[in-house]
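User: Hi, I'm new to this one. Could you walk me through it once it's on the screen?

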Amino acid sequence: EDTFGYSISYWKTFCEKIVQENGLSEEVLEHFRMLVSRNSERSCDYLVRSLEKDDLEEVFRLINRNFDMDLTIYDMYKIEPFLESGYSFVVCNNEEILGAVLGYKVPDLVREYVYIDTIVVGETTRNMGLGRMLISHVEKCASKNHIHLIRLQTDKEIEVYEIYKHMGFAESNLVTMKRFFM
């Protein structure tokens with residue numbers, strides 16, 4: 001299974017070494033230590049791994065809570081097709097799922113791409129780079145399969161729109177059109 005872990009403690013040690021090696025002032029060192037200690041309760045190891053069947057309920061609850069949806073347990077089957085997609089992952093900390101990305105490959109006559117249907121990070125763990133980790137993992141897996149395009153859909157009015165732009169996502173000329181029928 002293809003996984004990668006991100007160790008905040010590793011980066012803390014690495015940054016501390018760089019700061020000390022460059023002979024920065026004691027004031028800068030003290031400021032760095034203060035930032036590290038202030039964030040130490042948020043420092044932990046993260047693991048990005050493939051979505052598994054045992055994750056479905058927890059991911060379902062995460063989606064319901066964070067998107068303020070009223071999906072019922074009977075709607076959980078909608079997540080199951082993502083198990084086999086190869087582009088759906090969770091980010092965990094000590095076996096707790098903190099976020100998930102649900103994506104799939106779209107065959108296209110011009111260019112295959114990965115479509116991210118859903119990306120969700122728990123409210124208490126936002127702004128820690130977990131969404132970026134998930135998208136980076138999708139990119140890595142897509143690249144291994146010679147796919148170099150990821151698409152997603154979002155609303156310009158929500159905060160995450162600017163985050164996607166900052167990550168290099170660009171608006172396309174594609175227009176989403178809807179037609180509801182019965």
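Analyst: Happy to, and let's begin at a strand pair: Cys 92 has Ile 97 in β4 as its bridge partner. A quick note on the source: this is a predicted model, where local features need pLDDT of at least 70 and side-chain atom pairs count only at pLDDT 80 or more, while totals for chains, interfaces and linings use all residues. Residues are numbered from 1 along each chain as its sequence is written, and side-chain values use heavy atoms, with hydrogens and water left out.

User: How many bridges join β3 to β4, and which way do they run?

Analyst: Five bridges join them, and the two strands run antiparallel. Two strands count as paired if DSSP finds at least two bridges between them. In this hairpin two residues sit between the strands, and Asn 94 takes a positive phi near 55°.

User: What about β2 and β3?

Analyst: Strand β2 (residues 45-50) is joined to β3 by four bridges, and that pair runs antiparallel too. Ser 50 is opposite Phe 89 in β3.

User: Is β3 buried or exposed?

Analyst: β3 is mostly covered, with five of its five residues buried. Buried here means under 20% relative accessible area, exposed means over 50%, and partly exposed is in between (1.4 Å probe, protein chains only). Phe 89, Val 91 and Asn 93 are on one side of β3, Val 90 and Cys 92 are on the other, and all of these are buried.

User: Zooming out, how many helices and strands are in the chain?

Analyst: The chain has five helices and six strands. Both are DSSP runs numbered from the N terminus: helices are H or I with at least four residues, strands are E with at least two. Starting at the N terminus, the order is β-α-α-β-α-β-β-β-α-β-α. Of the 182 residues in the chain, 35% are buried.

User: Which strands do the buried residues of α3 pack against?

Analyst: They pack against β3 (89-93), β4 (96-106) and β5 (113-121). The buried residues in α3 are Leu 56, Val 59, Phe 60, Leu 62, Ile 63, Asn 64 and Asn 66. Just after the helix, Asp 68 takes a positive phi of about 50°.

User: Tell me about Leu 56. What is it in contact with?

Analyst: Leaving aside neighbours within four places in sequence, Leu 56 is in contact with Leu 51, Met 76, Ile 79, Glu 80 and Leu 83. Contact means heavy atoms within 4.5 Å. Leu 56 has a relative accessible area of 3%, so it counts as buried. Its C-alpha atom is 9.9 Å from that of Phe 82, 26 residues away along the chain.

User: And contacts over the whole chain?

Analyst: Among contacts between residues at least 6 apart in sequence, 60% join residues at least 24 apart.

User: New topic: how many salt bridges does the structure hold?

Analyst: There are five. A salt bridge is a side-chain nitrogen of Lys or Arg within 4 Å of a carboxyl oxygen of Asp or Glu. In general, side chains of opposite charge can pair when their charged atoms come close. One of the bridges links Arg 49 and Asp 55, whose closest N and O atoms are 2.7 Å apart. Both of those residues are buried, and Arg 49, Glu 52 and Asp 55 are linked in a network of salt bridges.

User: Where are Glu 57 and Arg 61 in helix α3?

Analyst: They are four residues apart in α3 (residues 56-66), so about one helical turn separates them. Glu 57 is partly exposed at 45% relative accessibility, and Arg 61 is partly exposed at 42%.

User: What about Asp 75 and Lys 78?

Analyst: Their side chains also form a salt bridge, at 3.4 Å from N to O. Asp 75 is buried, with 17% relative accessible area, while Lys 78 is partly exposed at 44%.

User: Last one: what volume does the largest pocket have?

Analyst: About 1,100 Å³. A pocket is found on a 1 Å grid over the protein atoms alone, as an open set of points where a 1.4 Å probe fits, with protein on both sides within 12 Å along at least five of seven lines; lining residues have an atom within 4 Å of a point. The largest pocket has 37 lining residues, and Phe 67, Ile 119, Val 120, Val 160 and Tyr 164 lie nearest its centre. β5 gives the largest share of that lining, six residues.

Definitions and conventions. Points joined across faces, edges and corners; volume = space filled by probe spheres on them.
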